[in-house]
Every structure is written in C-alpha cells, then in structure tokens.
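This briefing is meant to be read beside the sequence and the coordinates.

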Amino acid sequence: MTIQWFPGHMAKARREVSEKIKYVDIVFELIDARLPLSSRNPMMDQIVQQKPRLILLNKGDLADKEQNQKWQHYFQEKGYHTLVINAQQNKGVNKIVPEAKKALKEKIDRERAKGVKPRAIRAMCIGIPNVGKSTLMNRLVGKKIAQTGNKPGVTKGQQWLRSGTDLELLDTPGILWPKFEDQEIGKKLALTGAIKDQLLHLDDLAIYGLTFFSRFYPERLVERYKLTEEETGLPGAELLMLISQKRGFKDDYDRASEMIIQEIRSSKLGPYTLDRWEELGVTKDEN
C-alpha cells in the first residue's frame with residue numbers, strides 16, 4: 001500500500017501559511033489524538049517558527065485516555081500548551097481561549113505595561129485534512145461566520161472570523177499533508193478514515209488493524225468477535241479469516257475487511273491510540 005505525496009501542493013500551502021502567519025499572535029495546531037505524531041506535518045516547526053503554539057489533540061474521546069495523558073506530557077515537555085478536545089461533540093472547546101491567554105501571558109503583560117489597549121487574540125488554525133479543522137472553526141465562531149474586517153497590512157480580502165470578544169481567527173490558507181517518508185504513517189491515517197478507501201486494499205488495512213488490536217487491546221477482540229485469548233495471538237491474516245467465518249461471511253474477506261475497518265472507526269472496539277507513546281521511544285528528554 002503506497003500513499004502518494006505531492007510536493008508541489010505542499011510547497012504552495014507552506015508558502016501561503018508562511019506569508020500570513022505574521023499577522024497572528026498564536027497558532028492552533030490541530031492533531032488527531034489517536035495519531036499525535038502521524039497527524040502532524042513534519043514541516044510545522046519550520047513554518048510556525050517561534051510563534052506561540054497551542055496543540056489541540058482533537059477526537060480525544062476516541063483515543064486511549066492513558067495515551068492522551070502521556071502525549072500531553074510529551075508536548076508540554078517541549079514547551080507547548082496543549083488541550084485534549086472533541087470538536088464534534090463540543091468538548092473542551094471552551095478551554096481554548098483561556099489556554100491561549102496563558103500561552104500569551106508574557107506578551108499580554110508587556111502590552112498592558114506599555115498602556116496598549118487590550119484586543120482580541122488573533123489566531124490561525126492549522127491541521128492536515130480530516131483532522132477536524134472545519135468543525136473546530138465552526139464551533140469557535142458559531143454557525144453565522146462574521147467577517148471582522150481587514151487588518152492593517154493584511155492583503156485585501158483576507159478574512160478574519162470573530163469568536164466572541166476575545167478571539168479572531170484568520171481564515172486558513174490551504175491545507176497541509178504530512179510527508180509519508182514512512183508508509184506506516186499512511187496506514188495509520190487510512191485506518192482512522194483520513195484517506196479514501198478507494199485508494200487502499202481493504203484486506204491489508206483490516207489485517208493491519210487486527211494486528212494492532214491483538215497486540216495492544218486483545219481483550220477487545222475477545223469481546224467483540226467471540227474469540228479465545230489464544231486466537232487473538234494468531235497472525236493478522238488468519239484472524240481475518242477466522243472472524244469472517246464467525247460472522248458468517250465465509251470466504252468473503254472483502255466484506256469482512258470492510259466490516260472490521262468500520263467497527264474500528266466507529267469505536268465498536270473501544271477507544272484506541274495508534275501512535276504509542278512508549279513504542280516510538282519518546283522520552284521527556286527528547287528534543
């Protein structure tokens with residue numbers, strides 16, 4: 001399974017973001033809590049540079065709570081402010097502005113000391129496709145998106161979206177895909193539904209998912225598919241065949257694969273985190 005990457009599109013998106021990021025106070029980096037590293041753009045640090053950043057682990061309810069805590073700690077150790085949210089269910093979204101103010105406290109204090117009149121925080125929300133960026137922006141600004149006007153020095157037509165009196169969001173220029181140097185990243189994104197199924201071999205993806213669950217959450221397979229503990233240790237392909245038989249699909253492995261993938265995505269096997277904090281050798285001392 002090969003996932004393509006388009007450098008021309010990446011270069012254009014990077015250029016657009018780089019041109020407009022100087023107009024914001026802070027960047028909201030939205031990632032999938034199930035894929036805290038795989039759903040990040042590896043060029044993000046170059047693009048954002050020294051701009052303050054709030055990392056939002058979206059879809060937190062779909063992820064392993066223990067892993068959420070470990071990844072929050074990981075990002076905090078790197079000096080980032082972080083929140084676990086679920087934009088779809090509007091959970092944790094109300095904490096974003098207060099956390100952004102914490103991240104900008106020094107800047108706000110300096111301006112206050114100079115007698116500068118307080119104004120709304122200006123932010124840009126960045127994230128790869130299907131991570132929930134549009135949903136989050138809709139939650140923040142409400143159903144009626146109001147244009148707050150062009151700021152001095154900003155290209156004419158640049159849209160600012162107001163969220164209450166404390167936040168203005170710069171309409172995001174373009175999208176950013178990660179570079180798939182490791183095809184494992186592509187598989188993880190595919191399993192969570194970030195890549196169209198038409199581009200994949202569903203049986204390979206189902207086997208990948210079953211192998212993951214048999215390693216980290218074998219009890220879920222026992223409960224969902226009525227397997228024995230011994231059977232969860234079978235190779236992924238054999239697990240697929242066994243589940244296909246148990247569900248009455250016989251040799252229709254395509255149908256069984258589609259069912260397994262959909263059940264993983266719909267959380268019928270429970271919350272999970274594909275990027276394992278401990279598996280990636282992450283330590284608090286990593287730079």
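The points below are grouped by topic and describe a predicted model.

**The chain as a whole**

- The protein chain has eleven helices and six strands, and 46% of its 287 residues count as buried.
- Among the contacts in the protein chain with a separation of 6 or more, 71% are accounted for by residues 24 or more positions apart.

**Salt bridges**

- Side chains of opposite charge can pair when their charged atoms come close, and a search of the whole structure finds 21 salt bridges.
- Glu29 forms a salt bridge with Arg40, in which the closest N and O atoms are 2.8 Å apart; because Glu29 lies in strand S1 (residues 26–32) and Arg40 in the loop between S1 and H2, the pair ties together parts that are eleven residues apart in sequence.
- Glu29 also forms a salt bridge with Arg53, with the closest N and O atoms 3.0 Å apart; since Glu29 lies in strand S1 and Arg53 in strand S2, this pair ties together parts that are 24 residues apart in sequence.
- Glu29 counts as buried at 1% relative accessibility, Arg40 counts as buried at 14%, and Arg53 is buried with a relative accessible area of 6%.
- Glu66 forms a salt bridge with Lys70, the closest N and O atoms being 3.5 Å apart, and both residues lie in helix H3 (residues 65–77), four residues apart, which is about one turn of the helix.
- Lys70 counts as partly exposed, at 26% relative accessibility; elsewhere, salt bridges that share partners join Asp25, Lys107, Glu111 and Arg119 into one network.

**Negative surface patch**

- Asp203, Asp204, Asp251, Asp252, Asp254 and Glu258 form a negative surface patch, to which helix H8 (202–216) and helix H11 (253–265) each supply at least two residues.
- Glu258, one of the residues of the patch, is found in helix H11 and is partly exposed, with a relative accessible area of 46%.

**Positive phi outside glycine**

- Gln49 is not a glycine but has a positive phi of about 55°; Gln49 is placed in the loop between helix H2 (44–48) and strand S2 (53–58), where it counts as exposed at 56% relative accessibility.
- Asn130, likewise not a glycine, has a positive phi of about 70° and lies in the loop between strand S4 (121–126) and helix H6 (133–141).

Terms used:
Residues numbered from 1 in each chain as written. Predicted model: local features only at pLDDT ≥ 70, side-chain atom pairs only at ≥ 80, totals over all residues. Heavy atoms only, no water. Patch = residues over 30% accessible without salt bridge, like charges linked within 9 Å, V, L, I, M, F, W, Y side chains within 5 Å. Areas by Shrake-Rupley, 256 points an atom, 1.4 Å probe, with all protein chains shown as cover. Salt bridge = Lys/Arg side-chain N within 4 Å of Asp/Glu carboxyl O. Lys, Arg positive; Asp, Glu negative; His and termini not counted. Charge placed at Lys NZ, Arg CZ, Asp CG, Glu CD. Buried < 20%, exposed > 50% of the residue type's maximum accessible area, 1.4 Å probe, protein only. Contact = heavy atoms within 4.5 Å.
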